[in-house]
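Please consult the sequence and structure shown here.

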Amino acid sequence: MRALIFDLDGTLVDTVYAHVFAWQRAFTEAGMSIDGWKIHRRIGMSGGLFTRSAARELGRDIAPEEAEVLQRRHGELYREFLPEPRALPGAVDLLQYLRTTGVVHGIATSGRRPEIDASLEVLSVGPETVIV
């Protein structure tokens, strides 16, 4: 079976900078200042991989519990910074076309619920679309 898979953040929905700012604030609040450009190049990594990678770049290890706290805070800040995400031009029409023509498709994301819910809603994604 053939199918199309699209990335969510930065491909279908304009969310990249909100993620950068949320990660930057979460790390700063935890006493670990990190430059935005170092965060930007890691957007797309899962939260756990991201926190470990960023902490290593800062010259320290991070415990799983601390990584979970950072991820949770990132999610809170992300929803605060971007309460209403916007679909990128053509994204909604493209997904609607795929649905109406029966083209199998899915959306890939390293994001977690509930932070991805608003993005899926703005895309009018229903249960027929696989989210991985």
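The sections below treat the nonpolar cores, a helix pair and the sheet of this predicted model.

In soluble globular proteins, nonpolar side chains tend to be buried together. Here the largest nonpolar core comprises 19 residues, and those with the most contacts inside it are Trp23, Phe27, Ile39, Phe50, Ile62 and Leu70. Two or more residues are contributed by each of helix 1 (16–29), helix 3 (47–57) and helix 4 (64–81). Helix 1 supplies the largest share, seven residues.

Apart from this core lies another one of 12 residues, including Phe6, Leu8, Leu12 and Leu120.

Leaving aside residues up to four places away in sequence, Trp23 touches Ile39, Ile43, Gly47, Phe50, Thr51, Leu70, Gln71 and His74.

## Packing of helices 3 and 4

Helix 3 and helix 4 pack with their axes 9 Å apart, at an angle of about 115°. Helix 3 is therefore roughly perpendicular to helix 4. The crossing of helix 3 past helix 4 is right-handed. On the helix 3 side the contact is made by Gly47, Gly48 and Thr51, and on the helix 4 side by Ala67, Leu70 and Gln71.

Three strands form an open sheet with parallel pairing, in the order 1-2-3.

Four bridges join strand 1 to strand 2 (residues 105–108) in the parallel sense. Ile5 stands opposite Gly106 of strand 2.

Technical notes: Residues numbered from 1 in each chain as written. Predicted model: local features only at pLDDT ≥ 70, side-chain atom pairs only at ≥ 80, totals over all residues. Heavy atoms only, no water. Core = buried A, V, L, I, M, F, W, Y, C linked by side-chain atoms within 4.5 Å. Buried < 20%, exposed > 50% of the residue type's maximum accessible area, 1.4 Å probe, protein only. Contact = heavy atoms within 4.5 Å. Pairing = 2+ DSSP bridges. Axes fitted to C-alpha atoms, helices over the stretch in contact; angles between N-to-C directions. Parallel < 35°, antiparallel > 145°, perpendicular 65-115°, else oblique. Left-handed = near helix turned anticlockwise from the far one by under 90°.
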